[in-house]
Number of protein chains: 2
Amino acid sequence: MRLNPHLVAMPGDYLFAEVARRVQAYAPSAPRPIIRLGIGDVTQPLAPAITQAMVEAAQEMGTPEGFHGYPPDQGYPFLQQAIIDADYAPLGVRLELDEVFVTDGAKTDTSALPELLAADARIGVTDPVYPAYIDANAMAGRLGRHEGGAWSALTILPCRAENDFVPELPAQPVDMLYLCYPNNPTGTVLTREQLTRFVRYAQDTGTLILFDAAYKAYITDPAIPRSIYEIEGADQVAVECCSFSKSAGFTGTRCAYTIIPKALKARIDGQSVSLNALWRRRVACRQNGVSYPIQRAAAAALSPQGQRQVAAQVQTYMDNAHHMVATLQGAGLQVFGGVHAPYVWLRIPGQRSSWEFFDHLLHQAQVVGTPGSGFGQAGEGYLRLTAFNTAANTREALERVLAVL
Amino acid sequence: MRLNPHLVAMPGDYLFAEVARRVQAYAPSAPRPIIRLGIGDVTQPLAPAITQAMVEAAQEMGTPEGFHGYPPDQGYPFLQQAIIDADYAPLGVRLELDEVFVTDGAKTDTSALPELLAADARIGVTDPVYPAYIDANAMAGRLGRHEGGAWSALTILPCRAENDFVPELPAQPVDMLYLCYPNNPTGTVLTREQLTRFVRYAQDTGTLILFDAAYKAYITDPAIPRSIYEIEGADQVAVECCSFSKSAGFTGTRCAYTIIPKALKARIDGQSVSLNALWRRRVACRQNGVSYPIQRAAAAALSPQGQRQVAAQVQTYMDNAHHMVATLQGAGLQVFGGVHAPYVWLRIPGQRSSWEFFDHLLHQAQVVGTPGSGFGQAGEGYLRLTAFNTAANTREALERVLAVL
């Protein structure tokens, strides 16, 4: 058997595995409980409307008349319709049922969607960036060689305080460009005008945009686009990945969805091909859909009652984010994000690297962040803090951090 | 954007989609209810021990102390341990927790595992075969061109009545060989000696075996191996994919697992590499694990009480299979399988092709089977019937079939 050389050559560990490793190694000697503002995992229990729907669906599965076998590959129509009604109709975005693909997680789809493209598709990402985008493409051999901390065939668009975290357009052609807004890890957003510039670029160059909107529930200003399809023409150039993980606390429940408009087409060998049809074919042969009780739970999160309950949870996290921003800025630190996103992107004071500052906070403050450099070279000198802990822990963590600066 | 030419060029529809299309087109004019013995989907409700565990876990997720965020990538240790204790220890197979990968379905893993290998890995399959193995590899460009109904770079091992459905060893080298036993679609099994021959071949040639044991719960004779790891040395050459779908009625609940022993290694550039470590790296970047309530439900299927309940369900399906075999043989027909598998592989009497016989049964008997030719060229002239319907429907379907022969 000849192994996949790209998988064998993958550098280091996945970022969060390395963070977990350092925390585990230190934990036994910590003088007080460690507070985790590192991994972006939610902490509040599932809302009552959601658990009730999941319990009822589980009970249904135990009855002859309520049992459900293989789900539809693309998801149950009841969930596809709920997604359209709750997440798109209010934005004036019109979708049909078969433009919605229900899936077990946004990571599953953001890492698999490049398989729509040629094996040597050129990939573009902002930097810093969610590492799974890069790792999945590297394993598939699309990124070339890893030299000096960079991939030879990857186009990166740096985002730093110096450019206000607004990426430039790619300087060389790419087949597919990942855009994640509200952004993980920086917590920053693009205005409607800034996002329109990318849509026009994609239209002009025939580039596919993968828009990751996993954090759209955290947008507090309706002027900021929640969906790329709010931009006219985006349905011809963009797929959009969304998740119940951060909006409804589904990190342990697992449900998400991807939109592939039927207007999205590309030419090959003189024919025009629908990416929606290609993805449907791929989905039918690679998986068997999402669990019925989980789809019922997701639909409940989109019901009027469920939406009120999960909005209250999101507000709790955003109160934490706003407290972090205010406290750190009050101490004279430079912070970004935290307004339309559950992530605060802290510019590390002094000369410490991201990992040095991570270790400093872990050992001196017993607070876990995520080193910005783990998200890319442009993240060096930053630390990501998440708003997903309790209000009390968040406040204490901030006090501890300020005490050791 | 340059599309994946292999995905664009995929021939026809996925087999079961075409079956569903023909049934839907005919259904409005059917003179009586159609009985479906086509797709391999279970029909009995989840067992009480399973629904109870799922309900309790869903309720847990609604409490601060019982909430679970991101699951471990590879699965919860409680489920990994239950799998080892219930499915392997009784066979004398010893596994460690991190050799068990919990996943949402065997299709997900059987279609993704070739990514461990080089992009041009040579694939071997038996024929007839579960079509998803072929489609997934074809989309990834591993099978060459599709000409005259065959893939130019795919090695096929024909299984027909003439060779007693026991495949020959591959005549040319392959990197990976799919073996599914009890077999889908033929329902046949390999004896310990026959399976040993493949393990020795894989050891001698450095071939990776992907052993799909999704139907192992249907084996009625302990002399037939339920796991390839019952064969000495198989842990150095084989991964094994199993599923709760057919053993515990999880087609709509979604849980499965893959075993990758740490003894399974391959050499590349002079170094020995663990496939377990490679897959762990891949899993960490491509998905976020399986839902907590679903993993609890799966563990409940492996509890002593759950095992008794699901064994009774399996017995019900096997009673159907035995009835089908006895009835068809009694009518002088040639049938295979149905003894250690929920599938009966009927040799079509007369000169009809598989699709012609499918249409004949649909229109004259209002019974749905699956055309053998949809599983490969060696399946031409056969029809697959499943045992997953009710006893009453199965009996009526058989009466109808005999009446139109």
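What follows is a chat about a predicted model with chains A and B.

Visitor: What should I know about this model before we start?
Guide: Just that it's predicted.

Visitor: Okay, chain A then. How many helices and strands does the secondary structure of chain A come to?
Guide: You'll find twelve helices and 17 strands in chain A. Its radius of gyration is 21 Å, close to the 22 Å that the globule rule gives for 405 residues, so chain A is as compact as a globular protein of that length.

Visitor: And what does the C-alpha trace of chain A span along its principal axes?
Guide: About 60 × 50 × 50 Å.

Visitor: How much of chain A counts as buried?
Guide: 57% of the 405 residues. Also, if you take the contacts in chain A between residues at least 6 apart in sequence, 72% of them join residues at least 24 apart.

Visitor: Switching topic: how many residues of chain A are in contact with chain B?
Guide: 71 residues of chain A, and they meet 71 residues of chain B.

Visitor: Which elements of chain A give two or more residues to that side?
Guide: Among them are helix H1 (5–8), helix H3 (48–60), strand E11 (265–268) and helix H9 (292–301) of chain A. As for the kinds of residue on the side of chain A that touches chain B, 40 are nonpolar, 20 polar and eleven charged.

Visitor: Now chain B. What's the order of the open sheet of seven strands?
Guide: E2-E10-E9-E8-E7-E3-E6, with mixed pairing. Strand E2 (100–103) and strand E6 (154–158) of chain B are at the edges with a single partner strand each, so one side of each has no neighbour in the sheet. On average, neighbouring strands of this sheet are turned by 20° against each other, ignoring direction.

Visitor: How does E2(B) join strand E10 of chain B?
Guide: Through four bridges, and the two strands run antiparallel. B:Val100, for instance, stands opposite B:Ile259 in E10(B).

Visitor: Which helix packs on the sheet?
Guide: Helix H4 (residues 77–88) of chain B, which touches E2, strand E9 (238–243) and E10 of chain B. The direction of H4 makes about 115° with that of E2(B).

Visitor: One more thing: in the largest nonpolar core, which residues touch the most other members?
Guide: A:Ile50, A:Ile209, B:Ile50 and B:Ile209, in a core of 278 residues.

Visitor: And what is B:Ile50 in contact with, leaving aside its neighbours within four places in sequence?
Guide: B:Ala248, B:Ala297, B:Ala300, B:Ala301 and B:Gly306.

Methods
Residues are numbered from 1 along each chain as its sequence is written. Chains are lettered from A and ligands numbered from 1 in the order in which they are written. This is a predicted model: local features need pLDDT of at least 70, side-chain atom pairs count only at pLDDT 80 or more; totals for chains, interfaces and linings use all residues. Two residues are in contact if their C-beta atoms, placed from the backbone, lie within 7 Å. Ala, Val, Leu, Ile, Met, Phe, Trp, Tyr, Cys and Pro count as nonpolar, Asp, Glu, Lys and Arg as charged, and the others, Gly among them, as polar. The radius of gyration is taken over C-alpha atoms; the globule rule is 2.2 Å times the number of residues to the power 0.38. A residue is buried if 20 or more other C-beta atoms lie within 10 Å of its own, exposed if 12 or fewer, and partly exposed in between; C-beta atoms are placed from the backbone. Two strands pair if DSSP finds at least two bridges between them. Axes are lines fitted to C-alpha atoms, for helices over the stretch in contact, and angles run from 0 to 180 degrees between N-to-C directions. A nonpolar core is a set of buried Ala, Val, Leu, Ile, Met, Phe, Trp, Tyr and Cys residues joined through C-beta atoms within 7 Å.
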